[in-house]
Amino acid sequence: MQIALHIGAHSTDNDRLIKCMLKNKKMLAETGVSVPGPSRYRTLIRETIQALNGGRPSQEAQDALLEDIIEDEGAERVLLANEHFICVQQKILEHGVLYARAADRISELSNLFYGHEVEIFLAVANPATFLPTVAGRLKNKSFAEWYGLTDAMGLRWSDVVQRIRAANPNATMTVWCNEDTPLIWAQLMREFGGLDHMVEMTGQFDIMAQIMRAEGRKRLKTYLTENPPTNEIHLRRIIAAFLDKYAVEDEVEVELDLPGWTEDYVYALTDLYEEDCYAIERIPGVTFITP
């Protein structure tokens, strides 16, 4: 059984990927891919891990767990998603470290599904926008209270990825930049589903539609009908061209107003993030999807 886990990061997805996969539930089931609704497994997985207390389930217990999660008989792949698989958002900067609990949580998930082929999917994001966005979702806590003495300049996604890989070196890992999501959304859906390239899927333009004016969406649909793309790269070039002309500015820009976060500081964070992404690309066992 292939276990595909979409683990976040927080505030990069808001369940959009799993919701789009659910739109294709019937088609995926016909190819041996099960997409259970999140309510079937999120609490179940959390409570099972807590009960195991770091151990592995017996074969009987694991079989029962998978039977409770998977709806489709004969499924060879199951798609699971939860941005809280690693930790709740309040703990993202625990001890001033980005996702300090990543290794422990991935070990627990790996124990839960030991003996099966685990694949991990993770979107990373520029700390200059990621940190304020996450903080904005916290209740009863200001950015300063949550951020504490953290040094954003010292945060590295590559460290998170390396710790995840170390916790389960047998698991493959797919990583991408959240900023690139509109251009690579169709490929992300297919990769998560374990499908061949250029398989048509419902919702493969959903993300792009959220950041493109109605006129652009209509023209793009007509263009793609009259000029079907020949491959992923061709499709991305078409999307990029239309976004360049029809993007909704309020949807692709993030306003930052934090004490001490000057324009130069944000540029510096962005440069470090881009260097960090190059480092992730070179980590063995990681597939880094770029436009």
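In which loop is the place of Ala9?

Reply: Ala9 belongs to the loop between strand 1 (2-6) and helix 1 (16-23). Helices and strands here are DSSP runs, numbered from the N terminus: helices are H or I with at least four residues, and strands are E with at least two. This is a predicted model, in which local features need pLDDT of at least 70 and side-chain atom pairs count only at pLDDT 80 or more, while totals for chains, interfaces and linings use all residues. Residues are numbered from 1 along each chain as its sequence is written, and side-chain values use heavy atoms, with hydrogens and water left out.

The peptide bond that joins Gly8 and Ala9 is cis, with omega at about 5°.

The open sheet is formed by 6 strands with parallel pairing, and their order is 2-3-1-4-5-6. At its edges stand strand 2 (33-34) and strand 6 (286-289), each of which pairs on one side only. Two strands are said to pair if DSSP finds at least two bridges between them. In general, the strands of a sheet pair through backbone hydrogen bonds, either parallel or antiparallel.

Gln2, for instance, has Glu117 as its bridge partner in strand 4. Strand 4 (residues 117-124) is largely enclosed by the rest of the structure, because 7 of its 8 residues are buried. The word buried means under 20% relative accessible area, exposed means over 50%, and partly exposed lies in between (1.4 Å probe, protein chains only). Strand 4 also pairs with strand 5 (residues 172-177), in the parallel sense and over 6 bridges. There, Val124 stands opposite Cys177 of strand 5.

Elsewhere in the sheet, strand 2 and strand 3 (residues 77-81) run parallel and are joined by 2 bridges. Ser34 has Val78 of strand 3 as its bridge partner.

In general, side chains of opposite charge can pair when their charged atoms come close. A salt bridge is counted when a side-chain nitrogen of Lys or Arg lies within 4 Å of a carboxyl oxygen of Asp or Glu. In the whole structure, 10 salt bridges are found. One of them is formed by the side chains of Glu71 and Arg40, at 3.7 Å from N to O. This pair links distant parts of the chain, 31 residues apart: Glu71 is in the loop between helix 4 and strand 3, and Arg40 is in the loop between strand 2 and helix 3 (42-52). Glu71 has a relative accessible area of 38% and is therefore partly exposed. Arg40 is also partly exposed, at 32%.

Another salt bridge brings together the side chains of Arg137 and Glu83, at 2.8 Å from N to O. Here the two residues are 54 residues apart, with Arg137 in helix 6 (residues 127-137) and Glu83 in the loop between strand 3 and helix 5 (102-112). Arg137 is partly exposed, with a relative accessible area of 32%, whereas Glu83 is buried at 15%.

A further salt bridge, 2.5 Å from N to O, is made by the side chains of Glu232 and Arg190. Because Glu232 lies in helix 12 (residues 232-246) and Arg190 in helix 9 (residues 181-193), the pair ties together parts that are 42 residues apart in sequence. Glu232 has a relative accessible area of 10% and counts as buried, and Arg190 is likewise buried at 3%. Salt bridges with shared partners also join Lys25, Arg40 and Glu71 into one network.

Asn53 is not a glycine, yet its phi is positive, at about 50°. Asn53 sits in the loop between helix 3 and helix 4. With 70% relative accessibility, Asn53 counts as exposed. Asn140, another residue other than glycine, has a positive phi near 60°. The loop that holds Asn140 runs between helix 6 and helix 7 (143-147), and Asn140 is exposed, with 82% relative accessibility.
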